[in-house]
Amino acid sequence: MVRLSFLILKNMHDFFYFDERRMHWEKLLSASIIVLDLPMRIAYPLDDAKIRKIKDLVVKSRNDLLKINRLGVKAVDEIEHCLDRIGLSLGMDIKKAADY
């Protein structure tokens, strides 16, 4: 009985840990790109392209961003650097990332 209780508690801990990580990812991905502290010369073109949340940004590839009017290589490099600081990158599969 004690062994069974231990296994149940361990599995519950694993479940809560997974659920906590999933909630963290959801909160991070649903945050506004403003939290990335991007310069306005980058934020405005992203807003014009309807990229307003981090989840909208990370699913885009580097080439997708380079196609946006007024975003060049330097701006995309800066976006990648800002995402890297919080453990994200361009071209992510956010469904797989949430399960990670």
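Reader: Which residues is leucine 88 in contact with, leaving aside its neighbours within four places in sequence?
Author: Trp25, Leu28, Leu29, Ile54, Val58 and Leu83. Contact means heavy atoms within 4.5 Å. This is a predicted model, where local features need pLDDT of at least 70, side-chain atom pairs count only at pLDDT 80 or more, and totals for chains, interfaces and linings use all residues. Residues are numbered from 1 along each chain as its sequence is written, and side-chain values use heavy atoms, with hydrogens and water left out.

Reader: Which residues touch the most other members of the largest nonpolar core?
Author: Leu46, Leu57, Leu65, Ile79 and Leu88, in a core of 24 residues. A nonpolar core is a set of buried Ala, Val, Leu, Ile, Met, Phe, Trp, Tyr and Cys residues joined through side-chain atoms within 4.5 Å. Buried means under 20% relative accessible area, exposed over 50%, and partly exposed in between (1.4 Å probe, protein chains only).

Reader: Which helices each supply at least two residues of this core?
Author: H1 (2–29), H2 (40–48), H3 (54–58) and H5 (73–85). The largest share, five residues, comes from H5.

Reader: How many helices and strands are there in the protein?
Author: Six helices and zero strands. Helices (H or I, at least four residues) and strands (E, at least two) are DSSP runs, numbered from the N terminus.

Reader: What percentage of the residues count as buried?
Author: 29% of the 100 residues.

Reader: Which residues of H2 are buried?
Author: Ile42, Ala43, Pro45 and Leu46. Their cover includes H3, helix H4 (62–66) and H5.

Reader: Why might residues three or four places apart point the same way?
Author: An α-helix has 3.6 residues a turn, so residues with that spacing point the same way.

Reader: New topic. Where is isoleucine 33?
Author: In the loop between H1 and H2.

Reader: Is isoleucine 33 buried or exposed?
Author: Isoleucine 33 counts as buried because its relative accessibility is 8%. Leaving aside neighbours within four places in sequence, its contacts are Leu38, Leu46, Ile51, Arg52, Lys53, Ile54 and Leu57.

Reader: How far apart are isoleucine 33 and alanine 43?
Author: They are ten residues apart in sequence and 7.8 Å apart in space, C-alpha to C-alpha.

Reader: Which residues line the largest pocket?
Author: Ser32, Ile33, Ile34, Asp37, Leu38, Met40, Ala43, Tyr44, Asp47 and Arg52. On a 1 Å grid over the protein atoms alone, a pocket is an open set of points where a 1.4 Å probe fits, with protein on both sides within 12 Å along at least five of seven lines; lining residues have an atom within 4 Å of a point.

Reader: What volume does the largest pocket have?
Author: About 160 Å³. A volume is the space filled by probe spheres set on the grid points, which are joined across faces, edges and corners.

Reader: What about phi? Where is lysine 50?
Author: In the loop between H2 and H3. Lysine 50 has a positive phi, near 65°, in a residue other than glycine.

Reader: Is lysine 50 buried or exposed?
Author: Lysine 50 counts as exposed because its relative accessibility is 57%.

Reader: And where is arginine 70 found?
Author: In the loop between H4 and H5. Arginine 70 has a positive phi of about 75° although it is not a glycine. Arginine 70 is exposed, with a relative accessible area of 53%.
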